[in-house]
Amino acid sequence: MTDHPLDAPAPSGTPSPEAAARARLVDALVRTGEEDRAAFRDLYALTSAKLFGVCYRICGERQAAEDVLHDVYLTIWRRAGAYDPLRASPITWLATIARNRAIDWQRAQKIRRATPIEDAPPVIDTAPLASESMLQDEASDLLHGCLQGLEARQRDAIRTAFFDGVTYAELAERQSIPLGTMKSWVRRGLAKLKECLEG
Amino acid sequence: MPPPAGVGPEGLEDAPDMTAAELALGVLDGEERAVALRRVLADPDFAREVERWRGHLAPWFDQWPAIAAPDILARVERSLDQAPAAPVASLVTRPRPRSAIWPGVAALSSIAAAALLVVLVTRPLAPMSPPQPAPSVAAPLAPTLVASITPEGKGTPVTAIYDKNAGTIRLTEASLTSADHSAELWVIPADGTPHSLGVLRTQGATALTLRPENRQRIAAGAVLAVTVEPVGGSPSGLPTGPVVAKGVLSPV
């Protein structure tokens with residue numbers, strides 16, 4: 001599996017604009033939680049490209065991704081009051097909602113997408129949201145460092161599961177290998193990853 | 001507890017039990033996923049492990065490529081303005097295994113757990129931003145409901161007081177989660193569907209101003225429950241962690 005255009009490092013800006021972008025995002029999310037429509041529009045402007053990227057990749061088709069994105073923002077509106085800015089990264093919180101909703105849709109449709117997306121729209125710059133804090137950078141470095149210690153097939157399977165939102169059954173089908181073999185690869189890869197991340 | 005028997009000739013029997021990571025990654029389906037979700041509710045250590053894995057994988061979201069999004073903001077806002085029973089978008093909502101993980105709480109209501117499935121319903125959200133009430137011990141003037149939210153294990157019960165006039169619910173200090181999780185408060189009305197009321201503060205009392213649709217759900221006999229969730233609260237809108245405390249609302 002070589003469909004991983006995701007390793008490209010995000011363009012790094014100076015810390016100050018990033019911190020400002022993050023503060024603006026947190027502010028928009030918190031005020032959305034207070035049912036502030038203007039803040040919600042701001043939040044949409046700041047995050048819709050990122051969340052659409054999540055929905056599109058997992059859903060694999062534009063119309064479905066749009067419908068899921070619609071549902072994602074309704075969910076964000078309803079759930080934003082529960083967001084605690086002191087304890088969670090806003091983009092992780094938002095992207096988790098998008099990924100979960102997209103996976104729900106995908107599994108409900110029983111879509112079997114045997115090949116990676118070929119007609120994906122062009123990727124746009126994600127710099128303002130790419131790096132949220134020093135801590136995020138460290139966590140990111142740790143994850144990527146640890147992934148390098150895995151066998152390529154383990155790493156590819158785990159990455160594909162995350163970014164495409166697919167199950168063991170589909171991972172095995174895409175690779176044309178027995179289900180048990182795929183499970184074994186992934187489990188051993190995850191165990192090694194855990195050892196590296198938590199060790 | 002060993003994972004469900006994995007049949008596979010490729011050394012799968014010797015592979016370590018990585019169920020928590022598999023659940024966080026999302027590779028499980030069917031019965032394996034259902035079993036893992038039940039384990040989240042039954043086993044706090046396992047729930048914490050799943051959460052730890054979500055945190056491990058979170059940096060990947062930073063790498064996720066953005067794609068120019070369609071401008072559906074107007075459509076979203078129309079949905080927010082629509083009548084109560086408007087279905088969310090055109091999504092097919094269908095029963096999810098998640099629903100099966102609420103037996104303990106669902107049993108408190110007379111309605112079957114199936115009622116939990118109808119969750120993607122919008123209610124009218126009247127624009128309003130009431131000021132956060134200052135936690136106060138003064139008794140409100142009018143209809144008041146209270147609940148003693150009792151921990152499943154050891155611990156001090158949390159007292160919840162609902163002030164109907166103000167639409168606020170105040171809770172005494174709760175120490176129900178570790179620092180790397182949030183305690184989320186849910187109301188479970190007679191239909192058995194949990195609705196989030198918000199996340200409890202980690203220290204001190206909590207005061208929550210309820211949205212109009214949640215105010216309608218607060219009534220004598222409704223259950224208040226607290227679950228352990230990822231920091232910031234459940235991202236899914238449904239409880240994902242174990243119920244650590246619960247109590248029934250009754251009038252003063």
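At what angle do helix H2 of chain A and helix H3 of chain A pack, and how far apart are their axes? The model is predicted. In it, H2 (residues 37–59) and H3 (residues 62–79) of chain A pack at an angle of about 135°, with axes 9 Å apart. That angle makes H2(A) oblique to H3(A). The crossing of H2(A) past H3(A) is right-handed.

Which residues make this contact? From H2(A) come Phe40(A), Tyr44(A), Leu51(A), Phe52(A), Cys55(A), Tyr56(A) and Cys59(A). H3(A) supplies Arg62(A), Ala64(A), Ala65(A), Val68(A), Leu69(A), Val72(A), Tyr73(A) and Trp77(A). By class, 14 of the contact residues are nonpolar, none is polar and one is charged.

Now the two chains. Their contact takes 74 residues from chain A and 60 residues from chain B. Several elements of chain A each give at least two residues to the side that touches chain B. H2 and H3 are among them. So are helix H4 (90–109), strand S1 (123–124) and helix H6 (134–148). Helices H7 (152–164), H8 (168–175) and H9 (179–198) complete the list.

The table sets the class counts of the two contacts side by side.

Last, chain B itself. Chain B has seven helices and ten strands. Of its 252 residues, 45% are buried. Among contacts in chain B with a separation of 6 or more, 67% join residues 24 or more positions apart.

Definitions and conventions. Residues are numbered from 1 along each chain as its sequence is written. Chains are lettered from A and ligands numbered from 1 in the order in which they are written. This is a predicted model: local features need pLDDT of at least 70, side-chain atom pairs count only at pLDDT 80 or more; totals for chains, interfaces and linings use all residues. Axes are lines fitted to C-alpha atoms, for helices over the stretch in contact, and angles run from 0 to 180 degrees between N-to-C directions. Helices (H or I, at least four residues) and strands (E, at least two) are DSSP runs, numbered from the N terminus. Angles under 35 degrees count as roughly parallel, over 145 as roughly antiparallel, 65 to 115 as roughly perpendicular and the rest as oblique. A crossing is left-handed if the near helix is turned anticlockwise from the far one by less than a right angle, and right-handed if clockwise. Two residues are in contact if their C-beta atoms, placed from the backbone, lie within 7 Å. Ala, Val, Leu, Ile, Met, Phe, Trp, Tyr, Cys and Pro count as nonpolar, Asp, Glu, Lys and Arg as charged, and the others, Gly among them, as polar. A residue is buried if 20 or more other C-beta atoms lie within 10 Å of its own, exposed if 12 or fewer, and partly exposed in between; C-beta atoms are placed from the backbone.
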